Amino acid sequence: MQELSMNVLDVAENSVAAGATLVAITLSIDTAAKRMTLTITDNGKGMPPEMAARVTDPFCCLLY
């Protein structure tokens with residue numbers, strides 16, 4: 001749980017560093033499907049399309 005908390009905090013800090021003035025963190029729980037969904041949205045500047053294409057690669061964004 002601590003690792004998840006640190007990752008959420010990191011994403012929120014990155015949002016602010018990207019110029020976001022609004023950061024929303026939402027947790028949805030679907031007990032029937034036994035699923036939790038964590039969504040973080042912001043109005044920051046975003047990322048270049050080539051980085052977005054590789055965002056699930058854990059080593060893609062080290063130089064960003």
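Predicted model: local features only at pLDDT ≥ 70, side-chain atom pairs only at ≥ 80, totals over all residues.
What span should the 16 residues of helix α1 (residues 2–17) have at 1.5 Å a residue, and how far apart are its end C-alpha atoms? Residues are numbered from 1 along each chain as its sequence is written, and side-chain values use heavy atoms, with hydrogens and water left out.

The helix should span 22 Å, and its end C-alpha atoms are 22 Å apart, which agrees; the expected span is 1.5 Å times one less than the number of residues. Helices (H or I, at least four residues) and strands (E, at least two) are DSSP runs, numbered from the N terminus.

Next, select V8, A12 and S15, the buried residues of α1 (buried means under 20% relative accessible area, exposed over 50%, with a 1.4 Å probe and protein chains only). They cover an arc of only 55° around the axis, which puts them on the same side of α1; the arc is that of the directions from the helix axis to the C-beta atoms.

Moving on from α1, select G19, which follows the helix and has a positive phi, near 90°.

Finally, display the whole chain, where two helices and two strands run α-β-β-α from the N terminus on. Its C-alpha trace spans about 40 × 25 × 25 Å along the principal axes, and 9% of the 64 residues count as buried.
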